[in-house]
Structure formats: structure tokens, C-alpha cells
Amino acid sequence: MNTRPNFPQLLDIADHDALWQWIQRHYRVEGEWRTLWLNGLPLGRLNLQWYEQIVKDWQGGLEVRADGLALNADNWLAMGDSLQYMAAKWSRSGLLKGWRNECFDVFDTEGKPLFVLERAAFRPLGLQSHAVHVNGLACADEQWQFWIGRRSPYKAVAPDKLDNLVGGGIAAGESALEALVRESQEEAGLPADLFRHVETVSRLHSVRSVPRGLHDEILHVFDVVLPPGFEPENQDGEVASFALFTVADLTAAMHKDLLMDDSLLVTLDAFRRFSLLLPDHPLTQWLRSRQVGGQ
């Protein structure tokens, strides 16, 4: 971003301790998990429900291993088609909720895209997805503040929860920057030229068990300072409103569990980078451990 905000006051130790306890409750993988091997690569993780469902429904090559399931297809295109067919069957039967008709890329361990798959299937299969998040900052009342969105009450996931200024999945074939520009225009009406010189400030690995399976996502984080007088305006109906939050307001909202999980993670990482957290506190150390690629 073009100006680095200066937040002079640290959060107090009670805030650190309470937020660290929140992280430990929300960011953990509970239960028994098995590796999902696809054409020889360990790309997903399965709980018992989806393990058993795949054994029942997979129509290609299948090997039961001591640590999980190995699915095989003739090539990656065939693998993607077979997984899409199986996931669509789950959706039609009511087993898989939240079908979006949107696809994400499935990458290998080196970051090479292998095939595309409906995004609703990622959590049941424990596949890793990618998303962009934007910390929207503005100087108001002589202090730096965060623009925060409130999700629409009609959203299927986390209705009415507070969110970062912008947050959304990176679609199949998109770069992080392309997704940033698209999501920012749709969710907040931000002009594309605002991102002409923007750079990724963090890449965070978010992993936690969720009712649908495993949430495993790389969050590509950007900081953007909005011009004086500019107010974000939602374009796609997914955000009900925006408001400026001081650090104290935002910390209080975190204590009340008003933010979406990944939005809270992204915000806490901003607090870390802006020196609002004690460097040796376990919360700060954990946030550092979530960094991907040396960010």
C-alpha cells in the first residue's frame, strides 16, 4: 500500500490472552483424518464420513491404504471429471450442501494447477483452496481505522458476521491479483486503479475442521489505504453495510465473536504487522507460524 499506518498503542495483555484462547478453540483439526491420494499425490484429508462415502461412490481406481484412500484416473482431466461427477451426485442427493456452480483450481505440492473442481467439494475432500482478503484502511478522526463489512443476512455461510473490507475465493484460472480486482469491485466498489502498485503483504495458511469437512485455505492478504472521503459500496448484494472500526472497536468485536474466522485471522495478522501485538506472546508466535512463503 502507498502509506504505512502508524498504530502507536499495543493491545493489553488481557486482549492478547483472550484472543489466543479464541484461536486455540477455533483453529484446530479435531477427530480422525485420513489422507486422500489423487493419482499418487497426497492432496486432501478426509474425515470418516467422507472416507466411507468415497469408498461407496467412487467409480474409478481405488486403493485402501493404511493412512487413507488412493484414487486413480487415466490423467488429471479424467480425475477432475470423475470427482466433479461424484460431487454432483452428492449434491443432488442432499449430502453436499452449498453447490455454487463455481470452480477452484486444485494444485500440486509445487503450486502447479492440475484440474478444476466445484468449490463446494473442497471441504469434504480436504483439498486446499486459495482466497484473497483486503484490509481496508483509512485515516479518520486523526487515527487509522479499518473498513469492515457486515455480511448479508441472506448469505448461506456466516450471515450477518463481520468481514474484512473484501474477501473471496480465487476462481479457476485466476491469479490472486485478478481475483483481488474482481472481488474488490463486486464487494466494495473499489476501482481497479487503486491496486496498480499493490503487493501481497501476507500469505496465511488457514486450517480447521468444519461441519462440512476440512477448511484448508491459503489467504492472500493485501492492505489498501482508501482515498480521503471514499466510502465502499457493495455491488453484488453480498455485503449489507460497511463501517469504520477503530482498533478498540475491532478488538471488542473479536471478543464478542462477531467476525468470521478467517477475517479475524487476517485482522490479527495486520495487528501483528502493525506492531500492535507483543512479539513474544504465543498469539504472535502462532500468527508467524501461519505464514507461507516467507511473508
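1. The lining of the largest pocket has 15 nonpolar, 10 polar and 21 charged residues. Here Ala, Val, Leu, Ile, Met, Phe, Trp, Tyr, Cys and Pro count as nonpolar, Asp, Glu, Lys and Arg as charged, and the others, Gly among them, as polar. The volume of the largest pocket is about 1,200 Å³. Of the 46 lining residues, Arg100, Arg119, Arg123, Val157 and Met260 are the closest to its centre.

2. A word on what you are looking at. This is a predicted model, in which local features need pLDDT of at least 70 and side-chain atom pairs count only at pLDDT 80 or more, while totals for chains, interfaces and linings use all residues. Residues are numbered from 1 along each chain as its sequence is written, and side-chain values use heavy atoms, with hydrogens and water left out.

3. Rolling a probe the size of a water molecule over the atoms shows where empty space is left. On a 1 Å grid over the protein atoms alone, a cavity is a set of points where a 1.4 Å probe fits but cannot get out; a pocket is an open set with protein on both sides within 12 Å along at least five of seven lines; and lining residues have an atom within 4 Å of a point. Grid points are joined across faces, edges and corners, and a volume is the space filled by probe spheres set on the points. The count comes to one cavity of 30 Å³ or more, and the largest cavity has a volume of about 70 Å³. Its lining consists of Gly149, Arg151, Lys155, Asp163, Asn164, Leu165, Glu187, Glu238 and Val239; by class, that is two nonpolar, two polar and five charged residues.

4. Asp261 is found in helix H7 (helices, H or I, of at least four residues, and strands, E, of at least two, are DSSP runs numbered from the N terminus). Leaving aside neighbours within four places in sequence, Asp261 is in contact (heavy atoms within 4.5 Å) with Trp22, His26, Tyr27 and Arg208.

5. Next, how do H1 and H7 cross? Their axes come within 12 Å and cross at roughly 140°, and that makes H1 oblique to H7. Axes are lines fitted to C-alpha atoms, for helices over the stretch in contact, and angles run from 0 to 180 degrees between N-to-C directions. Angles under 35 degrees count as roughly parallel, over 145 as roughly antiparallel, 65 to 115 as roughly perpendicular and the rest as oblique. Leu19, Trp22, Ile23 and His26 of H1 make the contact with Asp261, Leu264 and Leu268 of H7. This contact has five nonpolar, one polar and one charged residues.

6. H7 (residues 261-273) also pairs with H6 (residues 247-255): the axes come within 12 Å and cross at roughly 140°, so H6 and H7 are oblique to each other. On the H6 side are Val247, Leu250, Thr251 and Met254, and on the H7 side Leu264, Thr267, Leu268 and Phe271. The contact of H6 with H7 has six nonpolar, two polar and no charged residues.

7. Finally, H1 (residues 13-26) and H8 (residues 282-289) have axes that come within 9 Å and cross at roughly 45°; they are therefore oblique. His16, Leu19, Trp20 and Ile23 in H1 meet Pro282, Leu283 and Trp286 in H8, giving six nonpolar, one polar and no charged residues.
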